[in-house]
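Subject: Structure handover

Hello,

Here is the structure I said I would pass on. My notes on it follow below.

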Amino acid sequence: MDLLCHVRDFVLAAAEGAGEAAKHGEGAAREAALGVQAFKRVGYLWLIPFFPMVGAIVNAVVGARLQKRFGKSVVTNLAIGAMAAAFVTAAVAFVDLVGQPEHERLLVNHLWNMFTAGDVQANLTFALDPLSMMMVLIITFIGALIHVYSVGYMAEDPDTWRFFAYLNLFVFSMLLLVMGDNFVLMFFGWEGVGLCSYLLIGFWYKDIDKAKAAVKAFVTNRIGDFGFVLGLFLLFWALGGQWEKRSVIPPHESRWALADPAHLYEARAEAGTTYVADPTLSPQTPPATYAEVEKLATPEGWRPGASIATRDGGKVRVGPTLSFRELRDQIAVESTGVKNRLTGLTFFGMPLLALVGILLFVGATAKSAQIPLYVWLPDAMAGPTPVSALIHAATMVTAGVYMVARLNFLFALSTTAMTVIACTGAATALFAASIGFVQNDIKKVLAYSTVSQLGFMFIGVGVGAYWAGTYHLLTHAFFKACLFLGSGSVILGCHHEQDMRKMGGLKKYMPLTEKTYLYACIAISGFPLANGFFSKDEILWKAFDAGNNLADPALGKVIWLVGWVTALGTAFYMWRSYYLTFTGEYRGGHGAHESGDAHGHHGGLPHESPRSMTWVLAALAVGCFLTIFLGLWGPAGVEPVLERWLEPVLAPSHALVAARGAHEGPLAEWLLMAASVAVAFGGWAAARALYKDAKSTVPATLAAKYPRLHRWVLDKYYVDEAYRKTVLAAIWAGAKACDLFDRVVVDGAVNAAAAVGRFVCDVDGAIDKYLVDGAVNFVADGALGFGRALRRVQTGRLEHYLYAAVAGALAVVLLTFLVQ
Amino acid sequence: MSGLFDTQLLSVVVFVPAVFALLVLLFPKDEHGLIRVTSLVGMGVGLWVTGLLYARFDAHGPEFQQEVRVRWIDTLGASYHLGVDGLAVSLMLLTAVLGPLVVLASWDSVTHRTKEFHVALLVLQTAMLGALASMDLVLFYVFWEAMLVPMYLLIGVWGSEERQMAATKFFLYTLAGSLLMLVALLALYFIALPAPQRSFDYAAIYNSLLAATREVSLCQGRDPVGQCPGATPLALALLRYGPWMFAAFALAFAIKVPMFPLHTWLPDAHVQAPVAGSMILAGVMLKMGTFGFWRYAIPLFPVAARQLRPALAALAVTGIVYGAMMCLAQRDIKKLIAYSSVSHLGYCMLGMLALTTEGATGSAYQMLNHGVSTGALFLLFGMLYARRHTRLLSDYGGIAKVMPWFAALFLIITFSSIAVPGTNGFVGEFLVLLGTFKGTLPMVFGVLAASGVILGAAYMLWMVQRVFFGELTHRENLHLTDVTGRELATALPFVALVVVMGLSPQPFLERLAVSSEMFVARASFAQDSFHQSDEAVRMSVRPLPALPSPPLPAAPAPLPTADAMAPFKLGRPHPANLAVLPPERLLAAEPPPSRHGEEATP
């Protein structure tokens with residue numbers, strides 16, 4: 001243990017440059033009021049995402065031709081070169097960042113304004129602080145390794161250029177996600193990685209199931225994005241929408257910012273943007289006055305401990321913002337009053353920050369595959385295995401964890417949101433692990449394991465142990481990438497066979513793959529020989545110690561218990577996969593297609609993968625070991641390297657979280673650690689007894705004894721089916737109903753109106769034809785008929801005329817006689 | 001020529017297509033190639049001059065720019081008055097961009113009555129540009145109705161099987177709305193200004209209503225059912241007839257948008273229309289509805305608009321969700337795209353009705369986006385239809401295998417349609433939703449509207465999957481050919497617009513900024529929480545040019561109200577009519593132009 005401490009101290013000293021570790025610690029600097037985040041402007045950060053972007057564009061546009069003309073190596077080298085360049089630039093940035101004073105570790109590279117409308121200002125600005133630096137290093141380093149691995153893995157695919165274009169595009173999006181200094185850029189990356197995930201899951205689009213899995217992944221992620229943007233908009237509104245118009249806050253006398261808008265808050269006093277003091281605030285805590293702000297802002301620049309700093313040339317800008325730094329400053333700098341205001345706000349009876357936190361977390365549940373939106377991730381295994389390693393294990397799915405850690409100052413303000421996150425994480429961890437018990441597809445086991453491990457991360461960030469959650473993100477990136485790529489190697493070696501029941505004994509054929517897989521199993525199952533133990537144990541300890549960070553102090557203990565049981569399960573199913581795959585006898589079809597190509601593919605015995613793949617596995621395994629030292633604890637009062645490294649980012653939430661903790665003693669910590677080690681051994685031993693060399697008949701007996709339970713778990717508790725029968729069915733029914741309504745009622749009304757119009761016209765026409773025209777014709781016909789009748793009279797014969805004349809004369813005479 | 005470009009640029013922009021239409025008329029009707037090339041050149045020249053107009057539009061300059069004003073019907077108070085604000089100039093650019101692409105898109109598919117087809121296209125182009133550029137209500141109405149006829153012909157002559165039913169439905173439905181608008185327009189003309197000063201000039205009418213609007217708003221704020229004792233006659237008239245006039249305008253524009261439940265003409269028209277008709281219909285014509293709300297219905301009657309705002313916003317949100325649901329139920333691809341238009345236009349309406357700068361800007365941007373992405377969807381589907389002659393989803397499947405480049409193009413446009421960040425669609429939807437949340441509409445509207453984003457992704461990706469992915473299921477599709485050079489040339493501009501407008505929206509948004517702010521200010525004019533003065537929202541436009549000769553018999557003395565009305569120009573009687581006019585009519589004559597400082601910069 002002593003030796004480890006020494007190593008740890010050495011690493012710490014190397015990272016910090018000077019051995020001032022002892023001076024700091026849980027010192028007063030932290031307790032002091034936080035100032036404005038100071039930063040350094042640099043001009044090169046854009047290069048980091050730029051290289052993969054160029055790689056993606058070139059390969060997408062001319063990749064097909066390049067590949068045809070010069071062979072695949074041009075395409076792959078281009079993509080790998082882009083990754084290497086990005087990694088080198090990131091390393092340069094890392095050196096730059098380390099060179100900064102601890103609390104000024106923020107590099108900002110402002111490029112240009114993307115769009116401005118009203119209060120919305122979205123800048124193309126990249127920022128690197130210790131947290132995003134860590135993410136960028138993971139993404140570029142592991143990303144580069146996986147690019148190298150993919151050369152071997154995708155060697156037989158004709159569309160190599162397309163694959164590498166997508167892969168580079170993904171890295172570009174992921175870098176935007178972590179490097180963006182504002183919500184918009186983060187969302188660009190957030191949806192961008194979802195898009196790349198869609199493209200890569202559906203890479204083999206000729207298989208309709210793969211295409212369907214891609215659509216499922218995208219749409220599920222969209223549901224999460226829906227929550228994410230709602231949370232964002234709610235936050236934006238809370239920071240200065242048209243408050244007085246909502247029912248939330250009655251119009252109040254003290255419209256303080258409006259009264260003094262130009263000076264104090266630089267809020268744009270536009271029509272409609274009025275800041276109303278929260279009536280729930282006691283009158284004794286008014287916001288800082290302009291004079292106070294001025295006093296605190298020292299002209300000589302940022303000074304540790306000062307509440308309001310001026311390195312940026314001025315005051316804290318308060319009001320709606322999309323920038324993380326501005327948001328952090330508003331909330332972290334107490335004298336702005338924003339923190340009090342936000343915590344006091346309610347929205348239809350619910351604390352606003354809790355709502356914002358939960359909605360943002362809904363975004364995370366989709367992206368990071370948590371209950372209830374995890375369903376896409378197992379299906380996403382339809383994509384090529386390097387994709388599963390890079391996107392669906394190491395980077396994209398951790399975006400949610402990153403987001404919560406990035407906004408720690410916001411999430412820490414609401415214990416409700418923290419509780420929801422931690423509980424969801426714990427539930428997901430246990431639930432997914434239980435499914436992993438019985439899966440036979442090696443990638444499915446790893447997929448559920450990923451879901452489960454992400455649950456652990458959320459336990460960490462949920463209970464306020466942001467650094468522990470983030471550390472698990474890092475260790476998981478290494479060991480899970482190693483496991484996935486190992487499984488990829490196995491799948492390739494077994495001629496595209498993914499079913500573990502048809503593997504076995506691969507130790508003999510694939511020695512290097514076996515060794516790395518073994519070490520990664522050690523890491524994930526929590527033996528204190530690899531990185532996984534240290535991160536998982538820290539999370540469990542922090543959960544145990546959560547105290548009042550969660551809604552109920554006892555909840556932390558429950559979550560610890562769930563996590564502990566899950567750790568047992570993790571060890572079991574991972575070792576199960578190891579023993580099923582690598583020990584015993586090979587159960588695959590021996591030379592089923594022996595007559596196949598000389599290459600050895602599609603037939604024959606399993607074979608070890610090319611060196612470009614196995615070396616990547618080895619590198620990741622080494623990474624699993626080396627990253628131990630980032631999280632190794634030291635003597636009391638000295639923090640692990642990574643915790644120390646992340647401290648400036650997590651400072652705004654640190655004191656709050658620490659104050660609410662349960663403060664269990666060191667004895668409890670050691671006992672829990674022992675318990676963690678015990679479950680790792682327990683899981684391993686159980687799996688070894690049941691699955692080593694495929695000798696035990698217990699698993700089959702158990703499955704036969706409880707067929708329904710087995711079936712139920714094997715079919716993932718029928719969650720997909722339940723969703724299909726409820727949510728999807730409801731939407732389909734709604735769509736059909738709308739369609740019917742549209743055709744019958746809406747269009748029916750239009751057509752009815754037209755029909756009525758036509759009927760009226762017909763009636764009108766009839767009237768016209770028979771009545772109006774009829775009258776006219778009647779007159780005409782009458783005249784005609786009369787004329788015709790009269791014509792008879794004119795016979796031209798004299799005697800007729802004479803008769804008529806006589807008759808007329810007679811009539812006259814008669815009439816005269818009668819009248820008289 | 002350059003002089004013409006400096007003083008009459010807007011007239012040139014509007015009438016260039018018409019001039020080429022005349023040219024095409026002169027050609028013999030068998031010269032198909034010549035006709036096509038000429039109209040392509042015409043549209044190209046139109047695009048060039050419109051681009052010039054767009055470039056010359058100063059984003060930070062006065063609201064209305066590049067004005068052209070010439071005396072026209074003096075006795076009515078109507079003048080030939082063109083001018084553009086940020087929204088109009090942006091939509092004109094969209095129209096002009098679509099022009100050449102529409103001609104290219106129908107290059108092979110229109111083979112009979114080619115001459116008439118292209119004449120109709122060019123005339124339609126002029127009508128649409130004119131409607132956007134008009135600053136005079138008579139002129140606007142003329143262009144507005146002139147749009148109908150060529151479109152009717154496009155659908156009715158060159159459409160598919162049921163074209164005549166669809167064309168008639170389109171024509172009658174739209175005409176019904178237009179006639180209501182005409183009635184309201186005339187009522188406005190008679191109410192807004194007293195007899196001797198009557199004018200059809202938009203700015204004049206708007207400015208004259210300001211004081212009365214404020215009166216009505218204040219009176220209703222005090223006492224919602226009050227009779228407003230002591231109000232001016234104009235205010236009383238506005239109080240009584242304002243809601244009706246707004247309703248008439250709103251109905252005409254709502255049909256054009258189309259808003260739920262007035263949308264059923266759209267699917268029929270789209271399904272039956274030829275590619276060119278669909279592109280123009282989706283690309284520009286629907287925006288005439290939203291533009292009408294933005295320019296006329298809401299600013300002219302802000303009080304009535306605010307009263308009906310929750311109802312209209314509810315319809316907009318219903319349209320978003322309902323349109324998306326309809327898309328899920330469609331089996332006909334063109335119908336699906338048509339219903340997606342209903343959904344997208346709902347966002348435009350909602351953003352506008354949010355009455356926030358963010359929402360309005362997003363709404364305006366969404367109009368442009370929809371023109372690009374839906375126009376492109378119809379274009380691309382037209383290519384497929386030309387090969388396969390079926391619109392049914394079930395007749396496709398797996399065609400990415402035989403048409404990979406086409407699939408790539410379609411996918412990019414799909415991403416734009418479902419508002420993936422990095423494409424143009426995202427910026428518009430993001431701003432609309434954010435503006436809705438920030439504004440005073442009930443938050444549930446924002447939530448429901450945001451749920452449309454999920455459904456949008458679902459129906460579009462589902463369609464893409466059914467058309468492009470999986471195995472080739474139909475033997476007829478085995479030998480489909482990938483995009484040709486001409487088709488690629490038609491589609492690539494759309495892809496470029498999608499990316500450019502998505503990654504660098506600011507140059508476009510910049511030109512919409514003043515327009516959006518003015519729209520919000522006018523729509524919220526005299527609302528109690530807003531404190532703008534009349535001057536802040538008053539429209540200043542170029543005055544009517546003075547008659548060259550003969551000099552007026554009476555010295556032009558301004559009316560007492562002349563100061564308040566200074567920036568606009570009143571109709572002046574023609575000298576021939578002077579003899580029969582009463583003397584007070586002469587008093588209304590315009591003060592010399594030097595008094596109006598707000599002349600547009602050339």
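A salt bridge here is a side-chain nitrogen of Lys or Arg within 4 Å of a carboxyl oxygen of Asp or Glu. Please keep in mind that this is a predicted model.

Salt bridges

By that rule the count comes to 32 salt bridges over all chains. One of them joins B:Lys169 to B:Asp268, with the closest N and O atoms 2.8 Å apart. This pair links distant parts of the chain: B:Lys169 is in helix α7 of chain B and B:Asp268 is in helix α10 (residues 265–272) of chain B, 99 residues apart. Buried means under 20% relative accessible area. B:Lys169 therefore counts as buried, at 11% relative accessibility, and B:Asp268 is buried too, with a relative accessible area of 14%.

Another pair is A:Lys542 and A:Glu538, whose side chains meet at 3.0 Å, N to O. Both residues lie in helix α24 (residues 531–544) of chain A, four residues apart, which is about one turn of the helix. A:Lys542 counts as partly exposed at 23% relative accessibility, whereas A:Glu538 counts as buried at 14%. In chain A there is also a network of salt bridges that links A:Lys216, A:Asp379 and A:Asp720.

The interface

How many salt bridges does the rule find across the interface of chain B and chain A? It finds one. The side chains of B:Lys169 and A:Asp747 meet in a salt bridge at 2.6 Å, N to O. On the side of chain B that touches chain A, α17(B) gives the most, with 13 residues. By class, that side has 43 nonpolar, 16 polar and eight charged residues.

In terms of contact, 67 residues of chain B meet 59 residues of chain A. The two chains bury about 5,300 Å² between them, 73% of it on carbon and sulfur atoms. B:Phe430, B:Lys438 and B:Met443 supply 12% of the area that chain B buries against chain A, more than any other three residues.

In soluble globular proteins, nonpolar side chains tend to be buried together. The largest nonpolar core here has 464 residues, and those with the most contacts inside it are A:Tyr198 and B:Phe293. Helix α8 (residues 208–238) of chain A gives the largest share of this core, 18 residues. Leaving aside neighbours within four places in sequence, A:Tyr198 is in contact with residues of both chains, among them A:Phe218, B:Leu411 and B:Phe469.

Regards

How values were computed. Residues are numbered from 1 along each chain as its sequence is written. Chains are lettered from A and ligands numbered from 1 in the order in which they are written. This is a predicted model: local features need pLDDT of at least 70, side-chain atom pairs count only at pLDDT 80 or more; totals for chains, interfaces and linings use all residues. Side-chain values use heavy atoms; hydrogens and water are left out. Contact means heavy atoms within 4.5 Å. Buried area is the accessible area (1.4 Å probe) that two parts lose on being put together, summed over both. Helices (H or I, at least four residues) and strands (E, at least two) are DSSP runs, numbered from the N terminus. Ala, Val, Leu, Ile, Met, Phe, Trp, Tyr, Cys and Pro count as nonpolar, Asp, Glu, Lys and Arg as charged, and the others, Gly among them, as polar. A nonpolar core is a set of buried Ala, Val, Leu, Ile, Met, Phe, Trp, Tyr and Cys residues joined through side-chain atoms within 4.5 Å. Buried means under 20% relative accessible area, exposed over 50%, partly exposed in between (1.4 Å probe, protein chains only).
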